[in-house]
Amino acid sequence: MGKPTGFMEYQRSTAKAEAPKSRIRHFQEFHTHLPQEEQQLQGARCMECGVPFCQSGMMIGGMASGCPLHNLVPEWNDLVYTGNWEQAYNRLKKTNNFPEFTSRVCPALCENACTCGLHGDPVATKENEYAIIENAYAKGYAAARPPKVRTGKKVAVVGSGPAGLAAADQLNKRGHSVTVLERADRIGGLLMYGIPNMKLEKQIVERKVRMMEQEGVVFVTNTDVGRDVKAGQLLKEYDRIVLACGSSNPRDIQAPGREADGIYFAVDFLKANTKSLLDSDFGDKKFINTKGKDVVIIGGGDTGNDCVGTSIRHGCRSVTQIEMMPKAPNERAQDNPWPQWPKICKTDYGQEEAIALFGHDPRIYEATVKEFLKDKNGKLKGVRIVRLAWEKDASTGRMSMKEIPGSEQVLDAQIVLIAAGFLGSEKYVTDAFGVEVNERTNVKTAPGQYKTNVENVFTTGDMHRGQSLVVWAIREGREAARAVDESLMGYTNLGIQ
């Protein structure tokens, strides 16, 4: 714990965000973090709560409560408070391979299950984590540590997102020789091309990749396994294969006019934006430019919000976000008690920027696209939407959506970005290896297991569990590494916590 009376003596304090109208002029991270002395006082707020739900990672009400990695939160909060930064780093790294990522992009499940937050403000655990890892890099605690002994076993990891990187990191630490194959031109998967630079600057990803290289992991880019490289070739060259290719099939929106020029998947929009930024600072013009255009984004989640922020930074004329679900309450409902994940309305950075720039929240709730409108040249010019009402079926008791007659509305739109989630793994990869998939097209394994139906082939991450959070991907990668290690050695000493 921190100071016994710290939660009463000190108020929660977090990084200060740059003003919305200022930060939309650039694509850099925009928070100024606390000085070290002030951050230590935030560690003092951690309570001796008896049952630390912050690190439980248990499922309550169908959603995770606390950290799925079982981070030793009270321990390193106390170490932050007492100024034992190196020991805090050592405790943090026992459970989390990539705190430099989670401290930036995780929605902080730990804080939402914090006992201190039951009747007040939760401990600033996510920012304590940020302080620990960045201090570790600055002081040299986070230097590369190659394994002293190699096992002679070779493992190929297909895909370099957080799950693939976590599996590779763990297996390399065990002494296996690990090669990571990535079809894109840069390592990182969704960390590199799925999350915009203002949320996670790419030098942070590259810094960790360089360290893993120094520790012995081999990275191969521009290699599309299943197309450029045959599955059989990998199975001959490596003792084990780990498929960590993500949940890469974007969910489409089928409505009249879908073929109009100007409709893109959000994943393609975000990838092109980041690649152009990194390659040429947008000088190559190889991105989907929203400058001076009306943008409609279909999808109300984090990816939709990232599209809002990115569109605004390019100078869009207007931006609207369409969400099928009703607006969540601003505070916990009675049937959503602590320590469940709070099902409340979240106004993220992109929506904050839209409000500051255009004077209103960009989201339209309980609506769906009825038709994409195009001009005589086939270019998108508008979107016809219709409002929805949720009704309970008298016979089944299930809720279903019904269109509200007379509620149609036309929105000007020259660009539509579809951010409606993902459907599962890509067929050409699963077919290449002959692995079974379930009804959601995720790679099938026994419950709680990572071995596929194909000998020596394992799977992990979104490709295994479906679209999820970075922290869950890391958890999956660590667990898959244990399974691979045990299959290679007959036992494993790799921890998942």
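This is a predicted model: local features need pLDDT of at least 70, side-chain atom pairs count only at pLDDT 80 or more; totals for chains, interfaces and linings use all residues.
Residues are numbered from 1 along each chain as its sequence is written, and side-chain values use heavy atoms, with hydrogens and water left out.

The largest nonpolar core contains 42 residues, and V157, L191, L200 and F219 have the most contacts inside it. Such a core is a set of buried Ala, Val, Leu, Ile, Met, Phe, Trp, Tyr and Cys residues joined through side-chain atoms within 4.5 Å. Two or more residues of this core come from each of α6 (99-105), β5 (154-158), α9, β6 (177-181), α10 (190-193), α11 and α18. The most is given by α18, with eight residues. Helices (H or I, at least four residues) and strands (E, at least two) are DSSP runs, numbered from the N terminus. Leaving aside residues up to four places away in sequence, V157 touches G164, A168, V178, T179, V180, L181, V242 and A244; contact means heavy atoms within 4.5 Å.

V471 lies in helix α18, which spans residues 470-489. Its relative accessible area is 3%, so V471 is buried; the classes are buried under 20%, exposed over 50% and partly exposed in between, with a 1.4 Å probe and protein chains only. The C-alpha atoms of V471 and T102 are 6.6 Å apart in space, although the two residues are 369 apart in sequence. With residues up to four places away in sequence not counted, V471 touches C67, P68, L69, C106 and L109.

A search of the whole structure finds 32 salt bridges, each defined by a side-chain nitrogen of Lys or Arg within 4 Å of a carboxyl oxygen of Asp or Glu. E29 pairs with R104, with 3.0 Å between the closest N and O atoms. Because E29 lies in the loop between α2 (20-23) and β2 (31-32) and R104 in helix α6, the pair ties together parts that are 75 residues apart in sequence. E29 is partly exposed at 23% relative accessible area, whereas R104 counts as buried at 12%.

A salt bridge also joins the side chains of K379 and D261 (3.2 Å, N to O). K379 is in the loop between β13 (367-374) and β14 (380-392) and D261 in the loop between β8 (240-243) and β9 (263-265), so this pair ties together parts 118 residues apart in sequence. Both residues are partly exposed, K379 with a relative accessible area of 43% and D261 with 40%.

Of its 19 lining residues, K93, K94, R145, Q170 and K173 are the closest to the centre. On a 1 Å grid over the protein atoms alone, a pocket is an open set of points where a 1.4 Å probe fits, with protein on both sides within 12 Å along at least five of seven lines, and lining residues have an atom within 4 Å of a point. The elements giving two or more residues to the lining are α5 (85-93), α9 (162-174) and α11 (202-214), and the largest share, three residues, comes from α5.
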